[in-house]
Structure formats: structure tokens, C-alpha cells
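Dear colleague,

Please find below the structure that I am handing over to you. I would be grateful if you would look through it alongside the notes that come after it.

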Amino acid sequence: MSLSDSQSLSIVCGARCRARAGICVSRTGLFLLSLIILTAPAAARDSLGIFNSWGAFRDPEIPRCYAIAESEEISGKAERKSYATVGFWPNRNIRRQFHVRLSRDRSTNSRVIVSVSGRRFQLTADRSDGWSQDKRMDAALIAAIRSATSMTVESVGRDGKPIVDGYRLRGAATAIDAASLGCSRLR
């Protein structure tokens, strides 16, 4: 992908992007573009596609593939970028593993809850990240993501204030499928 080409930037930034002098100003697009630029020298990661606010990538050296999106809305002041991923590690026989990075560190006694289409999932978590508890939860959560338009991740921060990271899910199913196909031949 030629990152200097304004057409490629528009594709990366998605349909919601507004272009000024060939530079994309979409927050989500800039996040995905920064992922591509920052990770390219560190490892050979291939872009499998950008689907609205979700991207799919392959890292054949590990090997792994993943779909990823930055949260669109957060409550309070973020300490870092929050994102959700669905990962595939063919050598470890891990498929469709759900993971989130919270926008702030959570209180050690608070839960991390993902809400999608009226369903709530309690994740296994450390201070800043959460994962599905098992393969069954991964499957249920990803099935819910495929049919929903939004998702929220909630917890309580170390300061006692709520953490609410919101995600748009348009393009998520396609990005997950692209990541799955991207790793289908890697071993």
C-alpha cells in the first residue's frame, strides 16, 4: 500500500473521512494509519483491508492475524488509546480470541463487562486489558458482534470513575473474516 497516495489514505480512513489537501482527518483512520506506519518497520505486517472503522492485518513471522478497531467514544480522560481485537494464532490453534485494551487502568476489584445487543459478557482482566474467559465466550461474543451495530466496554477506574469505551461495529464481521482467511494458510 502506498501511504503517500491520497486515494489509499481515503480508503484507510473510511467513508466518514473528510479530506483536506489530500490528508485524511478521521480519528479512526489516523489510528489505523498510525498502526500501519508504526508497526511496518518493526515487523512484516500486511494490511488485509480496512472495513469502515475496523482493519485486518497479518503478521506471518509470528504467525498471527487480527481484526482491530479503536474505540469511537470514551468516558472521562483517556490514559491511552483503547481498542478491541479478534486474534488468530494458527500455530497455537487459537482462533477468534477476543481482547480489549481499556482507555484507563481499572480498579483491581472492578469487573470488565462487554455489552453487545443487550447481552453482557464478563471478561477475564488485568489492569488494562480484558479477554474472553474461554472459547465458548469468544464464540458467543463474536456472534453478537457480527449482528450488532455497537459495543461498549465498561469498568471502574482506579480513581473510582466509570470507564466506558464505545465501539462501532460496522465492518467488524468483514475484518474478522479477512483476518481468518489471512491466517488460513499460515502455520
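Please bear in mind that the model is predicted.

I begin with strand 5, which spans residues 64-70. Seven of its seven residues are buried, so the strand is largely enclosed by the rest of the structure. In a regular strand, side chains alternate between the two faces of the sheet. Both faces of strand 5 are covered: one side carries R64, Y66, I68 and E70, the other C65, A67 and A69, and all of these are buried.

With strand 4 (residues 54-59), the pairing is antiparallel and comprises five bridges. Within this pair, D59 stands opposite R64, and A56 has A67 as its bridge partner. A hairpin of four residues connects strand 4 to strand 5. With strand 7 (residues 83-89), strand 5 also pairs in the antiparallel sense, here over six bridges; A69 stands opposite A84 of strand 7.

Strand 4 is itself largely enclosed by the rest of the structure, because five of its six residues are buried. Strand 4 also runs antiparallel to strand 3 (residues 46-51), to which it is joined by five bridges.

With kind regards

Definitions and conventions:
Residues numbered from 1 in each chain as written. Predicted model: local features only at pLDDT ≥ 70, side-chain atom pairs only at ≥ 80, totals over all residues. Heavy atoms only, no water. Buried < 20%, exposed > 50% of the residue type's maximum accessible area, 1.4 Å probe, protein only. Helix = DSSP H or I, 4+ residues; strand = E, 2+ residues; numbered from the N terminus. Pairing = 2+ DSSP bridges.
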